[in-house]
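Welcome! Please have a look at the sequence and the structure below, and then read through the notes that follow.

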Amino acid sequence: KANLGSGDKLLVIGASGAVGSAMVQISKHLGAEVTGVTSGPNADLVKSLGASHVIDYQKEDFRTAAARYDVIAECTGSHTFSDCKDVLKPGGRFLGISAGLPDMFVMLWSNVVYGKRIIAGPAEETEELVQQAGQWTEAGIVKPVIDRSFRFDEMREAHAYVDRGRKRGSVVIEVAN
């Protein structure tokens, strides 16, 4: 959706989560220069997924750094376009994976006022895109990051674990046949 191209500078906020870890890998494969925002303990994971740079949000605020980005992918729901617009280059795109109502409203006029676009809403899921994701996984371009697995009867515990906001990658629910 963000029309990411080779050489684009991408900032992934939440780079060690389920969506962020996949975004880092796919973006690197597409030729982007990826900077991941995560906590210090997850820095090595994010680098191993292909990020060129890692920002430990516990020590540094990406909004005060000198770097500017073509695309910011906000995967956590903790930052709005307004929080991030100053770190976007002119013509930049803010990809709000978990965008809320404020970003949906600003999306209507952000390009005209700021010269920067907000991209939000559900991703397109065509058969071709799903097949490509499968091919990338089979080829080892995208390696799923699995934090923990829970049995189906542990669904409550799985949700509680995810709600803590500290998982790495995905949580899997095992369904027996």
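D61 is partly exposed, with a relative accessible area of 27% (buried means under 20% relative accessible area, exposed over 50%, and partly exposed in between, with a 1.4 Å probe and protein chains only). This is a predicted model, in which local features need pLDDT of at least 70 and side-chain atom pairs count only at pLDDT 80 or more, while totals for chains, interfaces and linings use all residues. Residues are numbered from 1 along each chain as its sequence is written, and side-chain values use heavy atoms, with hydrogens and water left out.

**Salt bridges**

- How many salt bridges does a search of the whole structure find? The search finds five, where a salt bridge is a side-chain nitrogen of Lys or Arg within 4 Å of a carboxyl oxygen of Asp or Glu.
- D61 pairs with R63, and their closest N and O atoms are 2.9 Å apart. R63 is partly exposed as well, at a relative accessible area of 34%.
- K89 forms a salt bridge with D70, with 3.6 Å between the closest N and O atoms. Because K89 lies in strand β5 and D70 in strand β4, this pair ties together parts that are 19 residues apart in sequence.
- Helices (H or I, at least four residues) and strands (E, at least two) are DSSP runs, numbered from the N terminus.
- Is D70 buried or exposed? D70 is buried, with a relative accessible area of 15%, whereas K89 counts as partly exposed at 27%.
- E154 and R151 form another salt bridge, their closest N and O atoms lying 3.4 Å apart. E154 is partly exposed at 21% relative accessible area, and R151 is partly exposed at 45%.
- Which residues are linked in a network of salt bridges? They are R151, D153 and E154.

- D153 sits in the loop between β7 (146-151) and α7 (155-163). With 59% relative accessibility, D153 counts as exposed.
- D153 and E174 are 21 residues apart in sequence, and their C-alpha atoms are 9.0 Å apart in space.
- T80 is placed in the loop between β4 (69-74) and α3 (81-84), and T80 is partly exposed, with a relative accessible area of 29%.
- From T80 to K116 there are 36 residues along the chain, and the C-alpha atoms of the two are separated by 13 Å.

**N3 and its backbone angle**

- Most residues other than glycine have a negative phi.
- N3 is not a glycine, yet N3 has a positive phi of about 55 degrees.
- Look for N3 in the segment before β1 (9-13), where N3 counts as exposed at 69% relative accessibility.

**A nonpolar surface patch**

- V112, V113 and Y114 make a nonpolar surface patch of about 310 Å².
- Patches are made of residues with over 30% relative accessible area and no salt bridge: like charges are joined within 9 Å, and nonpolar side chains (Val, Leu, Ile, Met, Phe, Trp, Tyr) within 5 Å.
- V113 belongs to helix α5 (residues 110-114) and is exposed, with a relative accessible area of 52%.

- About 1,000 Å³ of space lies in the largest pocket. A pocket is an open set of points on a 1 Å grid where a 1.4 Å probe fits, with protein on both sides within 12 Å along at least five of seven lines, and lining residues have an atom within 4 Å of a point.
- Of the 31 residues that line the largest pocket, K1, M23, I26, A123 and E124 are the closest to its centre.
- Which elements give two or more residues to the lining of the largest pocket? They are α1 (18-29), β5 (88-96) and α6 (127-138).
- The lining of the largest pocket divides into 21 nonpolar, seven polar and three charged residues (Ala, Val, Leu, Ile, Met, Phe, Trp, Tyr, Cys and Pro count as nonpolar, Asp, Glu, Lys and Arg as charged, and the others, Gly among them, as polar).
- The second largest pocket has a volume of about 550 Å³. Of the 27 residues that line the second largest pocket, G14, S16, T76, G165 and R166 are the closest to its centre.
- Two or more residues of the second largest pocket's lining come from each of α1 and β2 (33-38), and α1 gives the most, with three residues.
- In the lining of the second largest pocket there are 10 nonpolar, 12 polar and five charged residues.

Key:
Points joined across faces, edges and corners; volume = space filled by probe spheres on them. Areas by Shrake-Rupley, 256 points an atom, 1.4 Å probe, with all protein chains shown as cover.
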